[in-house]
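Here is my note on the structure you asked me to look over. Please read it with the coordinates open.

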Amino acid sequence: LSVAPKTFPATFPHAMTLKALKLTGPATETVDVQIAAGTAPQTTISTPLPTLAPGSYAAAWTATGSDGHEMNGTVRFMVH
């Protein structure tokens, strides 16, 4: 990316609630991103990110459906 993202967006096939988001950045620094509490399940979510310096990042996320099913994944990106 030529500009650091200001949010972490995600689209799910079913309504989910984002429960956790952890960024691992340059020099393996880890940042737990604050997730808004009490958010209703949605198919599209977006949560603010801290200011990111240039480097490689991994965003590990966990989300839960209204039936209690948990999904997780990791998105990797680079800020130039």
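Predicted model: local features only at pLDDT ≥ 70, side-chain atom pairs only at ≥ 80, totals over all residues.

The points below go from the whole chain to single residues.

1. **Make-up.** The chain has 5 strands and 0 helices. From the N terminus the order of elements is β-β-β-β-β. Strand β1 covers residues 7-24. Strand β2 covers 30-32, and β3 covers 42-48. Strands β4 and β5 take in residues 55-65 and 70-79.

2. **Overall dimensions.** Does the radius of gyration agree or disagree with a compact globule? It agrees: a compact globule of 80 residues would come near 12 Å, and the chain has 13 Å. The C-alpha trace spans about 40 × 20 × 20 Å along its principal axes.

3. Of the 80 residues, 31% are buried. Take the contacts with a separation of 6 or more: 65% of them join residues 24 or more positions apart.

4. **The β4-β5 hairpin.** Strands β4 and β5 pair in the antiparallel sense, over 10 bridges. Gly55 stands opposite Val79 of β5. Between the two strands lie 4 residues. In this hairpin Gly68 takes a positive phi, near 90°.

5. **Ala27 and Thr28.** Which residues sit in the loop between β1 and β2? Ala27 is one of them, and Thr28 is another. Ala27 has a positive phi near 60°, though Ala27 is not a glycine. Thr28 also has a positive phi, of about 55°, and is likewise not a glycine. Most residues other than glycine have a negative phi. Is Ala27 buried or exposed? Ala27 counts as exposed because its relative accessible area is 68%, and the cut-off for exposed is over 50%. Thr28 is exposed as well, at 65% relative accessibility.

6. **Thr17 and Thr39.** Thr17 belongs to strand β1. Thr39 is placed in the loop between β2 and β3. The two are 22 residues apart along the chain, yet their C-alpha atoms are separated by 6.7 Å. Thr17 touches Thr39, Ala40 and Pro41, and also Thr62, Ala63 and Thr64, leaving aside residues up to four places away in sequence. Is Thr17 buried or exposed? Thr17 is buried, because its relative accessibility is 11% and buried means under 20%. Thr39 is partly exposed, with a relative accessible area of 33%.

7. **Thr47.** Where does Thr47 lie? Thr47 is in strand β3. Its relative accessible area is 6%, so Thr47 is buried.

8. **Points to check on screen.** Start with the β1-β2 loop, where Ala27 has its positive phi. Next, look at Thr17 in strand β1 and the residues it touches, including Thr39 and Thr62.

Note on methods. Residues numbered from 1 in each chain as written. Heavy atoms only, no water. Pairing = 2+ DSSP bridges. Rg over C-alpha atoms; globule rule 2.2 N^0.38 Å. Buried < 20%, exposed > 50% of the residue type's maximum accessible area, 1.4 Å probe, protein only. Contact = heavy atoms within 4.5 Å.
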